Amino acid sequence: MSILDSQSAAGAEAGAACQHLRSKGMFITGCQNPAVEDGQVGDGHCWCNLTQHVLGPDDDFVARRICIAGRQCFVATI
């Protein structure tokens, strides 16, 4: 399985992430697609690009597994 295949599989399992989800790993790997979680870089610490905090606009914590469709403040990646 290629790296792209494993990234796609990881993203599919967790569901597409909100476009405002950010993590340090995104800036290290250059993969700016929050729908893909590589799981290889970073400590898993995430923040919301709208609030610049670990709490989202709905005052709930930000995390890759919960910033998905169905959350009140979720915005799909274009």
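Me: Why does T51 count as partly exposed?
Reply: Its relative accessibility is 30%. Buried means under 20% relative accessible area and exposed over 50%, with partly exposed in between (1.4 Å probe, protein chains only). T51 at 30% therefore counts as partly exposed.

Me: What kind of model is this, and how are residues numbered?
Reply: This is a predicted model, where local features need pLDDT of at least 70, side-chain atom pairs count only at pLDDT 80 or more, and totals for chains, interfaces and linings use all residues. Residues are numbered from 1 along each chain as its sequence is written, and side-chain values use heavy atoms, with hydrogens and water left out.

Me: Where is T51 placed, and what does it touch?
Reply: T51 sits in the segment after strand 2 (46-48). Strands (E, at least two residues) and helices (H or I, at least four) are DSSP runs, numbered from the N terminus. Leaving out residues up to four places away in sequence, T51 touches G56 and P57. Contact here means heavy atoms within 4.5 Å.

Me: What does the side chain of T51 reach at 2.6 Å?
Reply: The backbone oxygen of L55. A polar contact is a pair of N or O atoms within 3.5 Å; within protein, one must be able to donate a hydrogen and the other to accept it, and residues adjacent in sequence count only if both atoms are side-chain atoms. T51 also lies 9.2 Å from H20, C-alpha to C-alpha, though the two are 31 residues apart along the chain.

Me: What makes S23 buried?
Reply: S23 has a relative accessible area of 17%, so it is buried. This residue is found in strand 1 (residues 21-23). Its contacts, not counting residues up to four places away in sequence, are H45, C46 and W47.

Me: Is R64 buried or exposed, and how do you know?
Reply: R64 counts as buried because its relative accessibility is 8%. R64 is in the segment after strand 2. Its C-alpha is 7.4 Å from that of L21, 43 residues away in sequence.

Me: How many cavities of 30 Å³ or more are found?
Reply: One, in a search of the whole structure. On a 1 Å grid over the protein atoms alone, a cavity is a set of points where a 1.4 Å probe fits but cannot get out; lining residues have an atom within 4 Å of a point. The largest cavity holds about 70 Å³ of space. Of its 13 lining residues, C18, H20, C48, C67 and C73 are closest to its centre.

Me: What is the overall order of elements?
Reply: Along the sequence the pattern is α-β-α-β, with two helices and two strands. Buried residues make up 28% of the 78 residues.

Notes: On a 1 Å grid over the protein atoms alone, a cavity is a set of points where a 1.4 Å probe fits but cannot get out, and a pocket is an open set with protein on both sides within 12 Å along at least five of seven lines; lining residues have an atom within 4 Å of a point. Grid points are joined across faces, edges and corners, and a volume is the space filled by probe spheres set on the points.
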